[in-house]
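The sequence and the model are shown first.

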Amino acid sequence: MSNHSDFWYKDYDIEWDFSDDSDMVDVSSSETEATADLIRLSSARRAISNYVTILTGKSIPVMFNDSNVSCTDGEVVYIGSDVHEKDNFDVAVGLALHEASHIVYSDMELYKNINVNVPRSIYNLTEPLNISKQEVAEFCKMIFNYIEDRYIDYSIYKSAPGYRGYYESLYDKYFNSKVIDDGLKSQLYRTTTPDSYSYRIINLTNLNTDLRALPGLYDIAKLIDLTNISRLDTAASRYELSFKIAEIVFSNITEASKKPAEQIIEPGSGDGSEGSESKESQDGDSNTTIGGTEVSNDTGDASTSLDDILGGETTSVKPQTDTAKEIGSDPKVSKTKQGKIVKAFSKQKDFLNGKISKKKVTKKEKTLLDVLEKSQVEVTDVAQDYIRNYGGVGAIECIVVKNLTRELMDSSEFVLKKIKSHDYYSRTSVDTRALYNDDVANYVNLGIVMGVKLAKRIQFRNEVNIDKFSRRQIGKIDKRILHELGADVENIFYTTAVHKYKKMNFHITLDGSASMGGVKWLNTIKLCTTIAKAASMLDNINVTISIRSTYGKNPYVVIAYDSRKDKFSKIKNLFPYIVPSGSTPEGLCYEAIMKHITKCDVESDNYFINISDGEPCFMISSTNGSYSYSGTAAAQHTRKQVSKITSAGYKVISYYITEYENNSYANVHRDNFKVMYGKDSNFINFNNLNQIVSTLNKKMLESVDE
């Protein structure tokens, strides 16, 4: 089935795994899939929240249902935990927009006080029928809800056409099913009972409405005048109209209308399914005019798009108590079908009364969702072109962490802290125990010391030098020589020249795969700490640090530090606990963070610095084949992403660090490394990363802006 969100909400049937066991992270497939589902769920909530904000112009919170909440509380819109599923998303958006619109436009006080405001004239009609005041008030509430929904949804539907598809999905789910059509065309709900009137009134815009089904129904349709619903531009006018309709209904209900008990159809009889057939139309043969709009007496108002404007209530109300169970009988409708009709009508009433079933998130899911939300974790589709080159379709989902937090690191969802059961650090000649947190913390401290020294060396970057040039023919008046005008001196003006260093933006991206462990990682962390510490002491240097890895099925990239919003203490507190793991999805991660790197401008110098120890290695398996993200093909894809970064205004500098000097293993990687980074490739020993500091130090001494 086609969804309104299909153009952007992708649903790829692709699975991922790794071919390089040496770099695999020890995470189960089910665990990573559950994490990906939570990330999708979080992304869906953010998308719905954005829609609500755009539509209403207000920051209305959109939260997951973690209790028995079925509707908005007048301040927050609650959504279910299944909204990220493709078939549920459009309905969830429509419902959230509907509820948010009520928060903005509805008068909640009028609704709450409807019990005490029911006119005495209505009670005079219902008391002889033994209908309680509570039942009368609930009926009036339902009518008011219906009119309120029609007015607000019509207004939004007309003013925001881009969201119509979401509203239509919502209405199709609750109001436009074939089983409702069957009930309207049958002899059911034609007895003069409150339920029959409720059924016929809330389905007035259905093409199968029969205005002759009940006495007074035609007058009610004429009074509501759905084609001119916009005339009811005050809550009070809609409020009063609901009482007028209730008075017509109860004036047509009599004791003689009640049916024998054996004709009662209990909700839930039959198999309980609602049917999924498409809606059928039926043509009327007797027309009249309501409010200047042609309406068929057999089929209701079919001349306007208002049959697209059906919705439900958003405020929290008590369940409506049925005033009568009788719906009449129709020999042409089986008991099973009658049960389906009753159940469908019950769902419509629940919708109007705000009793909408919303799947709850568990306590554990809520905790993890809060962590993911705070860390701004999202799933981004990448490598569509890469897969297409192999004759496949779809994309790879890359997990992007836009804000590393302590909560994420403490959770089970952070991949870069998992210590392997295998000794992947034995490739180096150093003690593998050096990777433990205390040793990493020591290297962070060493980096801080080096960073302070570097900052002092380039402290002059903060200076702004102003040169003044006096006795100019144009410029600003120099008051010190203004008196010389009496001596016929005309050059009494001055100009200035400002000399300052350009702003610099460094995006340092680290290979966080398992092979980077040991002294490589320790020195890399020290290097990053040095640069970040120096930048924190200067006004015009920004540093962003991202780390690339994999998490089960997905490429994984985390923006671990951003000096524009993070305090330097984040590095000192969190970086000692980051441990390289996983595989090497180089270009996939570059593509995923493309929109998150700092935008370039003419007033800044921008550098994209890569530190890695190999070439891409990743395996994609799908229903129509497997694709190896490795070798020349992956190197060329990475090169394409590097070219995009260069085109965005960044100067790319890439460092290949290795413990091998010259052997066939290193040479193969070097060749692909040159394919990816070209002339920007640099090859250095892992024990000599200070070369990078020296290079960046020279860059910081350059670029004077006048």
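At what angle do the axes of α10 and α11 cross, and within what distance do they come? The axes cross at roughly 170 degrees and come within 10 Å. Axes here are lines fitted to C-alpha atoms, for helices over the stretch in contact, and angles run from 0 to 180 degrees between N-to-C directions. α10 and α11 are therefore roughly antiparallel to each other; angles over 145 degrees count as such, those under 35 as roughly parallel, 65 to 115 as roughly perpendicular and the rest as oblique.

The structure is a predicted model, in which local features need pLDDT of at least 70 and side-chain atom pairs count only at pLDDT 80 or more, while totals for chains, interfaces and linings use all residues. Residues are numbered from 1 along each chain as its sequence is written, and side-chain values use heavy atoms, with hydrogens and water left out.

**Overall**

The protein chain has 22 helices and 19 strands. These elements are DSSP runs numbered from the N terminus: helices are H or I with at least four residues, strands E with at least two. Of the 706 residues in the protein chain, 55% are buried, where buried means under 20% relative accessible area, exposed over 50% and partly exposed in between (1.4 Å probe, protein chains only). The accessible surface of the protein chain comes to about 30000 Å², and carbon and sulfur atoms hold 48% of it; areas come from the Shrake-Rupley method with a 1.4 Å probe, and for residues only the protein chains shown count as cover. Of the contacts (heavy atoms within 4.5 Å) between residues at least 6 apart in sequence, 77% join residues at least 24 apart.

**Confidence**

The predictor's confidence in each residue is the pLDDT, from 0 to 100. Its mean over the protein chain is 76, and 75% of the residues reach 70 or more. Among the elements, α10 has the highest mean pLDDT (94) and strand β1 (residues 14–17) the lowest (33). Residues 256–324 have pLDDT below 50, yet this stretch has 184 contacts in the model beyond near neighbours in sequence. Residues 419–435 also have pLDDT below 50, with 36 contacts in the model beyond near neighbours in sequence. Where pLDDT is low, the predicted coordinates should not be read in detail.

**Helix packing**

In the contact of α10 with α11, Ile220, Leu223 and Ile224 of α10 meet Leu241, Lys244, Ile245, Ile248 and Val249 of α11. Seven of these residues are nonpolar, none is polar and one is charged. Here Ala, Val, Leu, Ile, Met, Phe, Trp, Tyr, Cys and Pro count as nonpolar, Asp, Glu, Lys and Arg as charged, and the others, Gly among them, as polar.

α6 and helix α7 (residues 164–174) pack at an angle of about 145 degrees, and their axes are 9 Å apart. Asp153, Ile156, Tyr157 and Lys158 of α6 meet Arg164, Tyr167, Glu168 and Tyr171 of α7. This contact divides into four nonpolar, no polar and four charged residues.

In α8, seven of the eight residues are buried, including Lys178, Asp181 and Asp182. The buried residues of α8 pack against α9 and α12 (335–352).

**Single residues**

Tyr189 lies in the loop between α8 (178–185) and α9 (194–202). Asp225 is in the loop between α10 (217–224) and α11 (235–251).

The table gives the accessibility of selected residues.

| Residue | Relative accessible area | Class |
|---|---|---|
| Tyr189 | 1% | buried |
| Asp225 | 8% | buried |
| Val136 | 0% | buried |
| Lys640 | 40% | partly exposed |
| Ser628 | 28% | partly exposed |

Val136 is in helix α6 (residues 133–159). Leaving aside neighbours within four places in sequence, Val136 is in contact with Val118, Ile122, Tyr123, Thr126, Ile131 and Phe250. From Val136 to Thr126, 10 residues apart in sequence, the C-alpha to C-alpha distance is 7.6 Å.

Ser628 belongs to strand β16 (residues 625–630). Not counting residues up to four places away in sequence, Ser628 touches Tyr386, Tyr390, Phe618 and Met619. Ser628 and Pro616 are 12 residues apart in sequence, with 9.8 Å between their C-alpha atoms.

Lys640 is in helix α20 (residues 631–647). The C-alpha atoms of Lys640 and Glu591 are separated by 9.3 Å, and the two residues are 49 apart along the chain.
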